[in-house]
Amino acid sequence: MRAWSAARLRRASALDGLAVVAVALVVLVVFLDEPHVLPRTSETLNLWPAMLPLYAAYSLLRMLGAYALSLGFALGAGYWASASPTGRRLILPALDVLQAVPILGFFPAAIFFFIRLFHGSPLGVEAAAVFLIFTSQAWNMAFSVYESLTTIPEDLRTAAQVSRLSGVVRWRRLLLPACVPRLVYNSMLSWAGGWYFLIASEIIAVGRKSWVLPGLGSYIGESITLGRHGLAAAGLASLVAVIVLLDLLVWSPLEWWSGRFRYETSAAGEMTAPPLVRALLRRAPLVRGGLARGGRRVGELVGRVAAALSHALSHQWIRPLLALGAAGGLAALVYGAVQTVDVLLRPPPPEAAQIPVALLLSFLRLLLAYAISLAWTIPLACWVSRSARRAGRLMPVVQVLASVPATAFFPVLVALVLWLRLDLNVSAVALVLTGMQWYLLFNLVAAAQAIPEDVRELARATGASGFFYLRRFFLPAALPSLITGSLTAWGGGWNALVLSESVTAAGRTWSVKGIGTLLDEATYVKGDLQMITLVIVSMVAAVLLLNRAVWRPLYAWASVRYRFDA
Amino acid sequence: MKPALLPHATVGRLLGLIDAMAETPGPDDLYRLAERLRLPLDALHPLVQAARLLGWARVERGDYDLTEEGRQVAEAGVAQRKTLFRKQVRGLPLVASILRALAAEASVSRETVLEGLRPQVAPPEAERQVNTAVDWGRWAELFDYDADDACFLRVGEAGRE
Amino acid sequence: MPEPLVSLVGVGKRYEGAEVLHEVSFDVLPGETLALVGPSGCGKSTLLRIIAGLIPASSGEVRSEGYLLTGLNPATALVFQSFALLPWLKAAENVALPLEARGVPAVERLRKAERLLDVMGLRGHARAYPRELSGGMRQRVGVARALCQDPRVLLLDEPFSALDVLTAQTLRDQVVDLLRDPAVSTRTAVLVTHSVEEAVYMADRVVAMRSNPGRVADVVTIDAPRPRRWGAPELVPFVDRLYALMT
């Protein structure tokens, strides 16, 4: 182990010093103040703009905590699903269902487990918020880990086997690296999703009771509710600043770094130039060395934990423990199921009759939003696909745009629609659009980038352009990704429905008839557990039905027919 | 062809060509060589150019012949081949400029080398030139290259981490 | 008669009811290069993996250095047709992988890896990523990785079929020389190939196989002197004999 020698300290530069000072400042600020929780009714959150950096730090910490948990869960669940048939049979369907549940559906669970169990203490509420953010990140990431692990090329697996790779080394050298590209991509998406639902996560409310956590999301939400638009704008600006900073300092470098872990055999020179940060880091060797070592330590640690767990799983004495845990989990599930069934079997409240129609209306809105998304994302992705460079220039911009939570703009949009005397459905569709289109765009652009260069050249050589190019070159290539993206987009759409169909602005609530409004009312206004359960169950059923009946078969058909096999 | 540019030939295939050429003593037809090796002529071309550049083969009107040094290379073992290769390669303009830069600085960024080529060559060709230089330089053990940092390094100083 | 390093007696393999290999018996003698040739579908790659201990035989016995094989064969290492290098590791790290798996500390294992890369002529490329290497160089790294395990028997699964003619020929010669190189401890090899010419060029004995089901037709000893020339007339009778056996 290399010691901190004087020679290394001498190599430190001014930039190193700056970095250390910055980190120290952040730590100081964060721990200076104790978070406090206030019920909504009394004088609420301190909306003084100067509090914004602090709130930003809090929100960031919550996101980080949720992300760490999601990562741990994703690695565990994904590995188990990939390594054992029982695991796969249990986990994949479970993830399917969980992914279909809208974030508001987790409120009751969040409240019961974390807030009530901790007797309304600050810790409990924070845990609830972290849990809610976790639910918007974890399932996607677990899927991506599963996919990464099951698509490791067969000969690499055999080579690892012949080299007798096992335990920590296997995780560090084979399994974790294989997960990196998809995980980085999914992490970016997950964080974007987390920001999207930040407002919903930091203001936890069921019926009359509500808990407000200090953070950017609650800041923006409260300002909007109170009609303080200037403050809301300030909050939003801070959020955008945080997102842009994260993109520059974290996501861009990570994305560049993750390129090393792809299986393509392209030549060295084709790696895109290192981002600005790398150039900076080169001038701050201490920070860089520290980051590299820290990164290795973390990788080592994760590898050790993962290896220990997967090793323990294979031991004889772990079986009874697992059985016990499984029994406990099963008991909880059964209890939950019994409760749910009990709720379902009770005479339904009168509002329940509205569910089918509401579901249909919401579905139609989603359909319209989907069509609109396709209408602009396909041409854009098609245009991008013509040149390998365009995507590289477009993506950073798109990523930032996609991360900025449109949820904060909802009241503005609604106000605009009202002012233009348009139907509120317009705003509902537009708002749902914001929860759908980015998933489509990301997947389409990824497909555009993946088109083999010689196919592009063929298109250029044959003078293919416009609609012909779209039909013959781009669409076939992008079809599998289009379907994956559509699946995700509809998932995001269902989730966004809850926030789009019923919007609170300047003290009034504007809503259109739909399943999202029903859930919103049941959760925030009435706190009616039975109604909540009924609505969620019907939403989940609708999502699963669509997945099984439409997207899965489509994907199976498309991925067989349209593949660029070398 | 401008003498300053490196042909797109990898060391492995270049040596394979020398071995193949050595099988037929005396001048022979390039076309027949291409046939024997089952290589299309345009795949053979850069390899032949490389052999010429290093002074290992003469090519005249579709006929090739190994030079004295070329025969030496064909018969030599790996270590001797590297020595002969190194002797020729270090004199090539691109390689020489990289070596000069490395004499002054412990590491030279890829960007710097690319910029040096900018007046003469278009960017995609410049990338390929640098890649070839990396391949040749590594094999000749004249310098090393770190793909993570995209920079050239002196031999023996690479990858501390 | 020297003790065989690997011996197969009546080895058979079934996949989902279909018989892939039937009553295969032969020995791998120390110091020899043994080639397995046959039409596609004759199960030669499967056979190689059974020798490596990656797949269990359905019937018959596989012995390695006299001991009955259960699980991975500790005396063999495998070279893959597709090179099978981990793209995120540098050449030296790829080569050192088997040692890393065994817990050998970094400095020591990288030193051995660099020594083996030097044997393959790739000393300057130790810190290159696989994507920076040509096909021939990648396969050399693959061979170096296999040699890093100090195997008694080197198993090669169609190692040159993904390479172009020029590169393949150079690499063939290099492997032949390698097995006589004092810097390397491995002297015995089993080569699976679909090219009869290659088998005759490289091997001391050739196992000719037929398909449906995969079985041994005969074992031919190639007693042509070394160094051999590709396509030389003295090799032609062997090639003819093997073709006859396979069809």
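In what order do the 3 strands of the open sheet in chain B stand? The order is E1-E3-E2, with antiparallel pairing. This is a predicted model, in which local features need pLDDT of at least 70 and side-chain atom pairs count only at pLDDT 80 or more, while totals for chains, interfaces and linings use all residues. Residues are numbered from 1 along each chain as its sequence is written, and chains are lettered from A in the order in which they are written.

**View 1. The sheet of chain B.** Strands (E, at least two residues) and helices (H or I, at least four) are DSSP runs, numbered from the N terminus. Two strands pair if DSSP finds at least two bridges between them. The edge strands, E1 (28-29) and E2 (57-60) of chain B, each pair on one side only. E1(B) meets E3 (63-66) of chain B over 2 bridges in the antiparallel sense. Look for Asp29(B), which stands opposite Asp63(B) in E3(B).

**View 2. A helix on the sheet.** Helix H3 (41-53) of chain B packs on the sheet and touches E2 and E3 of chain B. Residues are in contact if their C-beta atoms, placed from the backbone, lie within 7 Å. The direction of H3(B) makes about 120 degrees with that of E2(B); axes are lines fitted to C-alpha atoms, for helices over the stretch in contact, and angles run from 0 to 180 degrees between N-to-C directions.

View 3. Domain 1 (47-264) and domain 3 (350-566) of chain A, with bounds from an automatic or database domain assignment, have C-alpha centres 20 Å apart. Here 36 residues of domain 1 of chain A are in contact with 34 residues of domain 3 of chain A. H11(A) gives the most to the domain 1 side, with 8 residues.

Definitions and conventions. Contact = placed C-beta atoms within 7 Å.
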